[in-house]
Amino acid sequence: MQYLKWIDNNGYDGSQINPSWAFQTFGVKDSTIVSWVGPMNIESDNLIDYEDVGLDITGNLMINFIVEHFDTQPANLKLAYHRQRLLVMITRDKLLDYGIKTTQDGDDIFIDDKKLSVSIATASISSMKMHFALNITTKGTPEDVNTSALEDQGMSISDVHELADSVAQTYIETIETIDKDITKTRVF
């Protein structure tokens with residue numbers, strides 16, 4: 001699995017969740033986790049979650065992650081959601097390194113009951129995909145949702161990039177150690 005950084009200020013519009021986006025964008029033929037800082041405005045044609053139809057899913061500045069796995073064929077949506085929760089838990093652990101205490105409800109992270117993250121998992125015939133993002137600012141987030149942001153917790157943009165690197169590297173290491181544990185386990 002490879003970690004890639006995309007140029008900051010690219011927006012997330014939902015098209016990046018399409019299968020093989022990292023291959024088409026970066027030419028990488030591997031499972032990937034990609035991070036970047038930029039706005040989010042998901043276009044209605046790119047909504048994956050039926051519960052989100054008709055809602056604004058926006059933010060002026062977010063740290064975005066796109067994860068794609070090709071290791072299970074056919075792709076498994078349940079496994080994608082398991083890995084999504086793993087990414088959320090890793091992020092919560094890393095936020096503690098900055099003194100930021102959070103709570104979790106499913107795939108959402110909250111600070112003081114205010115939503116910090118958005119996330120979705122999906123699967124195609126060939127891969128499992130996730131988008132996960134954290135608000136850096138509350139500007140541009142939907143007015144009908146109480147949101148929190150990393151800047152309100154004292155995080156700078158350099159802190160945000162450091163967080164992204166740490167989350168991505170830990171996610172990769174966790175997936176790799178799971179694969180190694182499988183290979184050393186005696187089965188009956």
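I count a residue as exposed when its relative accessible area is over 50%, and as buried when that area is under 20%. The model I am reading is predicted.

**Entry 1: helix H2**

An α-helix has 3.6 residues a turn, so residues three or four places apart point the same way.

I checked the length next. H2 has 20 residues and spans 29 Å from first C-alpha to last, close to the expected 28 Å. At its N-terminal end I found a cap. Asn-76 places a side-chain oxygen 2.9 Å from the backbone nitrogen of Lys-78.

I went back to the loop between S3 and H2, where Pro-74 sits. The peptide bond between Gln-73 and Pro-74 is cis, with omega at about -5 degrees.

**Entry 2: the cores**

Which residues touch the most other members of the largest nonpolar core? I noted Ile-33, Ile-63, Leu-134, Leu-150 and Tyr-171, in a core of 32 residues. Strands S2 (32–41), S3 (58–69), S5 (108–111) and S8 (128–135) each supply at least two residues, as do helices H2 (77–96) and H3 (157–184). H3 gives the most, with eight residues. In soluble globular proteins, nonpolar side chains tend to be buried together.

Leaving aside neighbours within four places in sequence, I list its contacts as Met-1, Ile-33, Val-67, His-69, Arg-83, Leu-86, Leu-87, Ile-90 and Met-130.

Another core lies apart from the largest one. This other core has 17 residues, including Tyr-12, Ala-22, Met-40 and Val-118.

Last, I looked at backbone angles. Asp-112 is not a glycine, yet its phi is positive, at about 50 degrees. Asp-113 is also a residue other than glycine, and its phi is positive, near 65 degrees. Where is Asp-112 found? I place Asp-112 in the loop between S5 and strand S6 (114–115). Asp-113 lies in the loop between S5 and S6.

Are they buried or exposed? Asp-112 is exposed, because its relative accessible area is 66% and the cut-off is over 50%. Asp-113 is exposed too, at 68%.

Note on methods. Residues numbered from 1 in each chain as written. Predicted model: local features only at pLDDT ≥ 70, side-chain atom pairs only at ≥ 80, totals over all residues. Heavy atoms only, no water. Core = buried A, V, L, I, M, F, W, Y, C linked by side-chain atoms within 4.5 Å. Buried < 20%, exposed > 50% of the residue type's maximum accessible area, 1.4 Å probe, protein only. Helix = DSSP H or I, 4+ residues; strand = E, 2+ residues; numbered from the N terminus. Contact = heavy atoms within 4.5 Å. Expected span 1.5 Å × (residues − 1). Polar contact = N/O pair within 3.5 Å; in protein donor to acceptor, adjacent residues only side chain to side chain.
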